[in-house]
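Grab a pencil and keep the 3D view open. Try each exercise yourself before you read its solution.

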Amino acid sequence: MRNLFLALGLAALAACSASTSTEPANDPAPEATPAQTAAFLGNAKCPVSGNDVKQDVFVEADGEKAYFCCGDCKAKHEADPKAALAAAYPEAKPLGNTTCPVSGEEADGSKTVSWQGHAIAVCCGNCVGEFPNDAAAYAAKAAGAH
Ligand SMILES: [Zn+2]
Ligand SMILES: [Zn+2]
């Protein structure tokens with residue numbers, strides 16, 4: 001009698017675990033949000049700690065911003081924002097834009113301006129000179145117009 005109950009109990013356990021085996025999750029994928037928010041063109045990692053930066057913690061020099069993860073890291077660089085920029089952007093990578101963000105004309109990449117780690121293509125020397133006057137806006141425009 002005991003053995004029978006034991007067998008029944010095991011069978012019930014087996015059935016139970018079978019029925020709770022998880023089926024493949026069938027959650028609908030979240031709808032892709034259209035890229036309406038402007039691309040973040042700053043450094044992603046804090047040059048002091050290596051942690052993810054906060055977009056409202058930065059130092060600024062000549063229209064460029066270096067971002068940090070926290071106020072403590074920012075404080076280490078506040079006295080010398082240019083050193084912060086050098087640390088945050090050790091090299092300028094081509095942004096890949098083919099339209100000059102200043103003039104709207106074609107930019108073949110032979111003339112670039114360096115801004116926050118991006119080499120942004122512009123069409124001519126005049127635009128190189130104009131770029132710093134509204135750098136962040138021009139950079140955002142270039143990033144949105146590949
Ligand atoms: Zn920090
Ligand atoms: Zn131009």
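**Exercise 1.** Find which residue E60 stands opposite in β2.

*Solution.* Next, zoom out to the strands (DSSP E runs of at least two residues, numbered from the N terminus). β1 covers residues 54–61 and β2 residues 64–68, and they pair in the antiparallel sense over five bridges; pairing needs at least two DSSP bridges. Finally, look at the turn: two residues separate the strands of this hairpin, and D62 there has a positive phi of about 55 degrees.

A quick note: this is a predicted model, where local features need pLDDT of at least 70 and side-chain atom pairs count only at pLDDT 80 or more, while totals for chains, interfaces and linings use all residues. Residues are numbered from 1 along each chain as its sequence is written, and chains are lettered from A and ligands numbered from 1 in the order in which they are written.

**Exercise 2.** Work out which residues of α5 are buried (20 or more other C-beta atoms within 10 Å of their own, C-beta atoms being placed from the backbone).

*Solution.* First, list them: A135, Y138, A139 and A142. Then look down the axis of α5: these residues fall within an arc of 100 degrees (taken from the directions from the helix axis to the C-beta atoms), so they line one face of the helix. Here's the general rule: an α-helix has 3.6 residues a turn, so residues three or four places apart point the same way. Last, check the cover, which includes β4 and β5.

Conventions: A residue is buried if 20 or more other C-beta atoms lie within 10 Å of its own, exposed if 12 or fewer, and partly exposed in between; C-beta atoms are placed from the backbone. Helices (H or I, at least four residues) and strands (E, at least two) are DSSP runs, numbered from the N terminus. Two residues are in contact if their C-beta atoms, placed from the backbone, lie within 7 Å.
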